[in-house]
Amino acid sequence: MSSASRPVSAAPVSVVMTVLNEQEHLPQAVRSVLAQDYPGPMEVVVAVGPSRDRTQEVADGLAAADDRVRVVPNPSGRTPDGLNAAVAQARHEIVVRMDGHGELSEGYVRRAVEILEETGAANVGGIMLAEGTGAMQEAVALAMRSPLGMGAERFHVGGEAGPADTVFLGVFRREWLRRVGGYDPAFSRAQDWEMNHRIRQAGGTVWFTPELTVTYRPRSTFRDLARQFYGSGQWRRQVVRQHPDSVNARYLAPPVTLALIALGAAGGLAWRPLWVLPLGYAAAVTVGGAWVARGHAPEVVARMPAVLTTMHLTWGAGFLRGPQR
């Protein structure tokens, strides 16, 4: 069958991903792509940065074992550079973004391509389904799936299908990646949100559907969690600088919360009623965390207040600081 007459559900697909220090998760991530029940041609393009572990060797081994996998270099190791490098080497007109920490759900690619055709969207995506093993990862995963942890963004907590500001990862019509110039290399983080903003400004539709899920493995230590959320806050601040119309209450809540806690803690030394601010926050994350973790093991419940506090306050601090130029 020629490419002109091939059904859209069998249109050739390029799955792109960029990885750095991902020897542990990369094999399962790639396996979840190769196991898709997709009826058309599919390739996986992996851009590998200069890792401190065996990621390069693992990626090369995956490519040697399956000719659908190709490896390209990402000398800078930065996410937007790697994604742009992988897209540049991709052969096909439908581009699926994948993450080295993720696993695609069954039927993900097939259904995403169908929804692209049904909706005429520029980008289709679904839910970032955080799942963990062990008490710490499980607590972080629960927090990331909760409005108390991440706000009401549909790609975290679910919701009805329809147009959205952004989605997790995404399945793109390549013509839209060309039209907006791909991922902005100035954004070490938040590059998905920023590019989806440009797509919407250019008249394209970003479509969310709860039918699509990608399993995500969260950070397993407080140090890694704090670094992740501090960086996310920094780069969301840069998105707001570059696109002032993108600011909303959800993004301002963490830095405002941090400022109020600091005000209450310091000001309470002079006027004790101000201590209600940090004490009220502590009570909120303790009670709210217990609700979010209800039904789970006691060690998960015990970690939840600290997990929520780390997520909120490091994100807020990063947003107030902004990225270093």
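What follows is a chat about how some labels on this predicted model were reached.

Colleague: What should I keep in mind about the model and its numbering?

Modeller: It's a predicted model, where local features need pLDDT of at least 70 and side-chain atom pairs count only at pLDDT 80 or more, while totals for chains, interfaces and linings use all residues. Residues are numbered from 1 along each chain as its sequence is written, and side-chain values use heavy atoms, with hydrogens and water left out.

Colleague: Okay, helix α5. Why is it called largely enclosed by the rest of the structure?

Modeller: Helices here are DSSP runs of H or I with at least four residues, strands are E runs of at least two, and both are numbered from the N terminus. Buried means under 20% relative accessible area, exposed over 50%, and partly exposed in between (1.4 Å probe, protein chains only). Eight of the 10 residues of α5 (residues 135-144) are buried, so the helix counts as largely enclosed.

Colleague: What makes α12 and α13 oblique to each other?

Modeller: Axes are lines fitted to C-alpha atoms, for helices over the stretch in contact, with angles from 0 to 180 degrees between N-to-C directions. Under 35 degrees is roughly parallel, over 145 roughly antiparallel, 65 to 115 roughly perpendicular, and the rest oblique. The axes of α12 (residues 276-292) and α13 (residues 298-321) cross at roughly 125° and come within 8 Å. They're therefore oblique.

Colleague: Which residues of α12 and α13 make the contact?

Modeller: Contact means heavy atoms within 4.5 Å. On α12 you've got Tyr281, Val285, Thr286, Gly289, Ala290 and Val292; α13 brings Val301, Met304, Pro305, Leu308, Thr309, His312 and Leu313. They divide into nine nonpolar, four polar and no charged. For that tally, Ala, Val, Leu, Ile, Met, Phe, Trp, Tyr, Cys and Pro count as nonpolar, Asp, Glu, Lys and Arg as charged, and the others, Gly among them, as polar.

Colleague: And why are α1 and α2 called roughly parallel?

Modeller: Helix α1 and helix α2 (residues 55-65) pack at about 25°, with axes 10 Å apart. That angle falls in the roughly parallel class, so that's the label for α1 and α2. The contact is made by Leu26, Pro27 and Val30 of α1 and Thr55, Val58, Ala59 and Leu62 of α2. These split into six nonpolar, one polar and no charged.

Colleague: How do you know that arginine 110 and aspartate 37 form a salt bridge?

Modeller: The rule is a side-chain nitrogen of Lys or Arg within 4 Å of a carboxyl oxygen of Asp or Glu. Arginine 110 and aspartate 37 meet at 3.4 Å, N to O, and qualify. Arginine 110 sits in helix α4 (residues 108-119) and aspartate 37 in the loop between α1 and β2, so the pair ties together parts 73 residues apart in sequence.

Colleague: How many salt bridges does a search of the whole structure find?

Modeller: It finds 15. Arg111, Glu114, Glu118 and Glu211 are linked in a network of them.
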